[in-house]
Amino acid sequence: MCAASIALAISMDTNCIRIALGTILLILPCLPFLSIAEVIYPPLELFSISCGSSTNFTLDGRNWIGDNNSKLLSESQGSVAAPPNTPTAIQGPYTYARLSHSQFTYSFSLKAGPKFVRLFFYSASYQSFYRTKAYFSVTAGPYTLLRDFDASLNAAADDDPGQPDILFREYCINLEDGQKQLNITFIPSKTAQHPYSYAFINGIEIVSMPPFLYYTNPDDYDGVPQTVGTLSQYHIENSSALETIYRLNVAGKDITGSEDTGMLRTWKADDNYLTTQSTTSVDFGRITKLSFNMTQNYTAPDEVYRTVRNMGTNGSMNMRFNLTWQLPVDSGFTYLLRLHFCELDPFVLQAGDLMFVIYIADQLVTNRADVLLWTDNQKGVPVVRDYVVLIPGNRKKLNLSLKIHPHPLRRFEDAQLNALELFKINDSTGNLAGPNPDPPLQTPKAPVENSKKKSSDTTRTLAAVAGAVSGVVLVSLIVAFFLIKRKKNVAIDKCSNQKDGSSHGDGSSSLPTNLCRHFSIEEIRAATNNFDELFIVGTGGFGNVYKGYIEDSSTPVAIKRLKPGSRQGVDEFVTEIEMLSQLRHLNLVSLLGYCYESNEMILVYEFMDHGALRDHLYDTDNPSLSWKQRLHICIGVARGLNYLHTGVKHMIIHRDVKSTNILLDAKWAAKVSDFGLSRIGPTGISMTHVNTGVKGSIGYLDPEYYKRLRLTEKSDVYSFGVVLLEVLSGRQPLLHWEEKQRISLVKWAKHCCEKGTLSKIMDAELKGQIAPVCLRKFGDVALSCLFEDGTQRPSMKDVVGMLELVLQLQDSAANDGVMESGRDYEDSEDVFGSSHSSVHVSDYSKSTGLSTTSEGDRSYGSKESFVLISNDVFSEIKDPKGR
Ligand SMILES: *[C@@H]1O[C@H](CO)[C@@H](O)[C@H](O)[C@H]1NC(C)=O
Ligand SMILES: *[C@@H]1O[C@H](CO)[C@@H](O)[C@H](O)[C@H]1NC(C)=O
Ligand SMILES: *[C@@H]1O[C@H](CO)[C@@H](O)[C@H](O)[C@H]1NC(C)=O
Ligand SMILES: *[C@@H]1O[C@H](CO)[C@@H](O)[C@H](O)[C@H]1NC(C)=O
Ligand SMILES: *[C@@H]1O[C@H](CO)[C@@H](O)[C@H](O)[C@H]1NC(C)=O
């Protein structure tokens, strides 16, 4: 018996399977192999091929077979098996790859019927196959699965933090009767721009699936998908291939292949695609037994139906919004969207209790979705609904939206969903491939082949760039290129000639040389009198900041010299250049250029005469800023952050907003600086947050971010709220020698607000300057930024509007002569006790834009305390050494 089950075993891992108790006893001695019969759907065919490998291994329910010397590889001339130059910690078929500069084919002998075809890639360099040169197409039978696929670009765009550089694709392909073979062919795409391209693959998996799991059963009238926007039906024909785009366990956790019903499908949590702010996820536990009498029991694992997302118990509030998911897809294709439902809510008793409306791509598909109606009033019975929707377009990424909304006349004003699956259907040419994603940050990859040759004219340089980036990006690059070129008067030739790798610090990073000026070390030495101590205006853990003069000693600049050889700083250095060279905004500090040679990492910025905001707030000899100056500065910072969050192609999260990173120019205009920690916000794949290690500065850190490691733009809003309090109070966010209640400025301010005594935290220097109504509103804004729950915090756009209103209130109060008298206002309406959450954006939307530069009606001593750009991750900045 034991031997028999080993023979049957196809590498199902212990935790994968619903085990019938009787059989456990029989096969227990044979673990870890369990009988194939234990899963709900035992696939008849299962091939897991570890490409390039010569050994077999078992992992997570799969038996990976090495392809070396196997008969599968029918055309292998010239293909190479190699391990990656940098191994990954991710487990899977990633220890080897098969690579080739010419075409190669795997031939699988299979029975007729539908199959999953899965491709696994680890984007890395393998021996002499350089990572960024992987550029190829993949066909399977008559279908094109990938076309001119740039693996490294796709890996960069796929920001699944758990699986860096791993790419996974899943397809459904049906073999018609008589077809006995499926050929999967990898074809390098050779073009003028990609003369050295190659194809590679790390793992291939083929799993047979039940006949009508996704393909339409012609005999089952009810199961035919409905076409969105029409009343007609759409048959998923056997001649079509599908690509799995999303398979989401809504409100639940990730489900691994070995926990699936036998087909090794993976299910992901849906949080990244949910755009509605407040929803409830409910886990109904494992007690109620599900009965699969409306769908096959292998449709989805039990687990999927145990968790449901709904709108919460807000009652009539739920009528005001749609529970919404946004799923980025390639436009120009037709999609199959499968929705999974199961009613387990003990309060929902019969059909009609809970009925809701479903919109797909903003089109109504049903206004009476009623799970209990669909299941004939049986609870705990999973059902699915399939919809087919065409997303028109020219292959660009668009969001396919799914929205659900309560039916107004029902007992429960709610809507719910348990899971969804989204598939792309091949086009009429058999193609499933979409375009490559845009390069991250629109940074051109250094065209290595061209860098040695001096390209003497502009067009040739641009052509080289053109090869590396796609059309849209190119246009913006060219525009940016010329804008910067004109502005900074930088000769293109000079730029491209100077990036000869040998003179770089280590030559390994590709810096956006075309986007900002490269300074030679000689120029920097000349500008700073060979790093003369007299020129130091600031210092910190990163190194020193010098004031220097460039362009024939006419233009003052700030020169930040990272400590020579600081390995740790390279990432921050590159990030800062990449970020700042793309950004232009009145309220962001401008990067003029950089120097990266002779082991030096140097950044050159526009000079900020008045240094950091912090040095005008406390622990300083500088005269105090007026309230109106402070308001103008806050508005400027808010605008700068709003630009980062919304004004650029990919949202940028600053991650280190604090008063030392806000610099003031000669006209007291505020500019946000220090992008060394910035992150591109959620793009494409993950829509609402980025998972990341916590970076930032103590005292300013969003509690939600450090507790849950979820970075969103709302973390910047929190830090900005701390800055607002600093500006109001003229003290540091944390003062350890203060009495306990006052150590944390945020806690103290919240406390004062509750008591209606906000004026207690006010900077004594501001006495008599702030109109009471203005103080109240300002407090409102600051505290709304500091809400524990990031989703409740306003966006920076709203903050800009609200602060502009505060300024207007101040101005009109000043005109009316109503000034703060130093008295508290417990007696006035209790704005802080209960109603900061009632700050509505719309109240402010009409307020007009105001100039950010203040009148400069007071003049200040010209002490140049230029504490620039601290970086608390490495060390705390001390007061400027030097003068
Ligand atoms: C799944 O359903 C099939 C019939 O549709 C049944 O034979 C089988 O026992 C079920 N499996 C489980 C684990 O319930
Ligand atoms: C790996 O498994 C395949 C198929 O079971 C077998 O033919 C081959 O000999 C095995 N290779 C090694 C190195 O064990
Ligand atoms: C698959 O490839 C093999 C070898 O190249 C070839 O003999 C066979 O005809 C191909 N089969 C199909 C279905 O294309
Ligand atoms: C829900 O979405 C649909 C489709 O986009 C829209 O017509 C409707 O107005 C939305 N309802 C609410 C309350 O936002
Ligand atoms: C998918 O591709 C196949 C093979 O080219 C073709 O026969 C079929 O019509 C295509 N399906 C659709 C929906 O266009």
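Mentor: Arginine 62 is found in strand 3, residues 62-66. Helices (H or I, at least four residues) and strands (E, at least two) are DSSP runs, numbered from the N terminus. This is a predicted model, in which local features need pLDDT of at least 70, side-chain atom pairs count only at pLDDT 80 or more, and totals for chains, interfaces and linings use all residues. Residues are numbered from 1 along each chain as its sequence is written, chains are lettered from A and ligands numbered from 1 in the order in which they are written, and side-chain values use heavy atoms, with hydrogens and water left out.

Is arginine 62 buried or exposed? Its relative accessibility is 11%, so arginine 62 counts as buried. Buried means under 20% relative accessible area, exposed over 50%, partly exposed in between (1.4 Å probe, protein chains only).

What does its side chain touch? The side chain of arginine 62 makes a polar contact with the side chain of glutamate 205, at 2.5 Å. The arginine 62 side chain also reaches the backbone oxygen of leucine 264, at 3.4 Å. A polar contact is a pair of N or O atoms within 3.5 Å; within protein, one must be able to donate a hydrogen and the other to accept it, and residues adjacent in sequence count only if both atoms are side-chain atoms.

Ile65 belongs to the residues around ligand 2, along with Ser54 and Asn56. Here "around" means that a heavy atom of the residue lies within 4 Å. An oxygen atom of ligand 2 is 2.3 Å from an N or O atom in the side chain of asparagine 56. Taken alone, ligand 2 exposes 360 Å², and the protein buries 29% of that. Accessible areas come from the Shrake-Rupley method with a 1.4 Å probe; for residues, only the protein chains shown count as cover.

Now ligand 1. Around it are Ile40, Gln296 and Asn297. A polar side-chain atom of asparagine 297 lies 2.3 Å from an oxygen atom of ligand 1. Ligand 1 alone exposes 360 Å², of which the protein buries 29%.

Next, threonine 105, in strand 7 (residues 104-109). Threonine 105 is buried, with a relative accessible area of 3%. Its side chain is joined to that of threonine 185 by a polar contact of 3.0 Å.

Then the cores. The largest nonpolar core has 86 residues, and Phe720 and Leu803 have the most contacts inside it. A nonpolar core is a set of buried Ala, Val, Leu, Ile, Met, Phe, Trp, Tyr and Cys residues joined through side-chain atoms within 4.5 Å. Helix 12 (residues 627-646) gives the largest share of this core, 10 residues. Domain 3 (455-606) and domain 4 (684-878) both give residues to this core, so it lies between them. Domain bounds come from an automatic or database domain assignment. Apart from this core lies another, of 49 residues, among them Tyr94, Tyr106, Tyr122 and Tyr171.

Aspartate 780 sits in helix 16 (residues 772-785). Aspartate 780 is buried, at 3% relative accessible area. From aspartate 780 to cysteine 753 is 27 residues in sequence and 8.8 Å in space, C-alpha to C-alpha.

Last, the whole protein. The secondary structure comes to 18 helices and 39 strands. Of the 883 residues, 56% count as buried.
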